Amino acid sequence: MTVIDVRKDPQALTLTFVAEFEAPVERVWEVWADPRRLERWWGPPTWPATFVEHQFVVGGRSRYYMTGPEGEKAGGWWVITAIDEPHRLEFDDGFAGEDGEPNTAMPTTHAVVTLEAAGSGTRMTTVSTFTSLEDLERLTAMGMEEGMREAMGQIDAVLAG
Amino acid sequence: MVVRELSPDEVDRIFHGLADATRRDIVEQVLREAQSISTLARRYEMSFAAVQKHVAVLERAALVTKQRRGREQLVHGNPEALQRAARLLEDYERIWRHRVRAIEDILAEDVSSPDIRTQDPEERTGP
């Protein structure tokens with residue numbers, strides 16, 4: 001994998017994630033712009049995402065839901081706040097209720113995505129900003145379960161081998 | 001909630017993320033021993049107000065707490081908050097590692113079948 005840098009700032013509650021891909025900038029942009037591609041990577045592996053709406057313009061809304069292992073659904077939304085195709089994307093990401101409408105009682109995250117040419121490939125930098133520690137805790141609850149399961153699976157594989 | 005002692009590794013990881021050198025040092029100092037702002041101000045050769053500002057930033061991030069003792073306010077470190085923040089950011093990092101791996105798979109497929117455009121799955125399977 002080509003993750004080249006991760007910077008965590010617990011004080012500012014930001015996570016900066018830098019990765020490089022062997023593909024031109026325009027193609028990496030597509031995995032954000034095209035909902036059919038986007039939904040194949042946005043959700044955790046056992047919580048695949050389905051984007052029912054993806055207005056990829058400034059001020060545009062996206063609606064999606066993720067389906068859990070037991071068939072449970074978790075709704076989400078984006079509001080795009082800046083687009084400079086194919087180099088920069090900013091959006092707010094939050095939770096939605098069963099009706100698909102934003103749940104304002106739940107935390108939102110602001111994401112800034114930057115794509116730049118790096119050799120023959122693309123460097124993607126994502127900066128996620130959380131509003132509070134409590135919000136971050138709620139946001140990672142699902143990911144933690146997933147991470148735990150994955151870790152257990154890996155241990156099983158090692159023991160079996 | 002179980003409060004664990006911070007290991008030196010954990011402390012290193014957490015402090016690595018603290019952008020401001022003075023604030024990082026303040027947190028380190030007050031984790032060892034609660035200190036007054038005037039003591040801290042002497043250490044950094046800074047004005048009381050400047051240190052107070054740094055402490056306020058740390059306090060808002062729940063990295064330190066202030067407690068009054070007589071005429072002075074003592075600044076205490078909050079190892080629990082630091083640990084929690086570091087652990088949570090690690091979990092979020094794991095989510096992004098998953099995502100990057102999945103993006104790589106999609107990009108690899110795009111190369112082997114460049115004709116797949118952005119149609120709906122239904123359209124793609126049409127005649």
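## Strand pairing in chain B

In this predicted model, K66(B) has V75(B), a residue of β3(B), as its bridge partner. The two strands concerned, β2(B) and β3(B), the latter spanning residues 72-77, pair in the antiparallel sense over 6 bridges.

They belong to an open sheet of 3 strands in chain B, whose order is β1-β3-β2 and whose pairing is antiparallel. The edges of this sheet are formed by β1 (35-36) and β2 (64-69) of chain B, each of which pairs on one side only. Helix α4 of chain B, residues 48-60, packs on the sheet and touches β2 and β3 of chain B. The direction of α4(B) makes about 120 degrees with that of β2(B).

## The α3-α4 contact in chain B

Helix α3 of chain B covers residues 37-44, and its axis comes within 9 Å of that of α4(B), with a crossing angle of roughly 110 degrees. Because of this angle, α3(B) is classed as roughly perpendicular to α4(B).

On the α3(B) side, the contact is made by I37(B), S38(B), L40(B), A41(B) and Y44(B). These residues meet F48(B), V51(B), Q52(B) and V55(B) of α4(B). By class, the contact between α3(B) and α4(B) comprises 7 nonpolar and 2 polar residues, with no charged residues.

In chain A, G43(A) is located in the loop that runs between α2 (35-38) and β3 (49-54). Is G43(A) buried or exposed? G43(A) counts as buried, because it has 25 C-beta neighbours inside 10 Å, and the threshold for a buried residue is 20 or more.

When residues up to four places away in sequence are not counted, G43(A) touches P48(A), A49(A) and M66(A). The C-alpha atoms of G43(A) and Y64(A) are 9.9 Å apart in space, while the two residues are 21 residues apart in sequence.

## Confidence of the prediction

For the complex, the predictor gives an ipTM of 0.76 and a pTM of 0.64. The average pLDDT of chain B is 73, and 69% of the residues score at least 70. Within chain B, confidence is highest in β1(B), at 92, and lowest in helix α1(B), residues 8-17, at a mean of 41.

The pLDDT is below 50 over residues 1-17 of chain B, a stretch that has 17 contacts in the model beyond near neighbours in sequence. Over residues 115-127 of chain B the pLDDT is also below 50, and this stretch has 3 contacts beyond near neighbours in sequence.

Methods: Residues numbered from 1 in each chain as written. Chains lettered and ligands numbered in written order. Predicted model: local features only at pLDDT ≥ 70, side-chain atom pairs only at ≥ 80, totals over all residues. Pairing = 2+ DSSP bridges. Helix = DSSP H or I, 4+ residues; strand = E, 2+ residues; numbered from the N terminus. Contact = placed C-beta atoms within 7 Å. Axes fitted to C-alpha atoms, helices over the stretch in contact; angles between N-to-C directions. Parallel < 35°, antiparallel > 145°, perpendicular 65-115°, else oblique. Nonpolar A, V, L, I, M, F, W, Y, C, P; charged D, E, K, R; others polar. Buried ≥ 20, exposed ≤ 12 C-beta atoms within 10 Å, placed from the backbone. pLDDT = per-residue confidence, 0-100.
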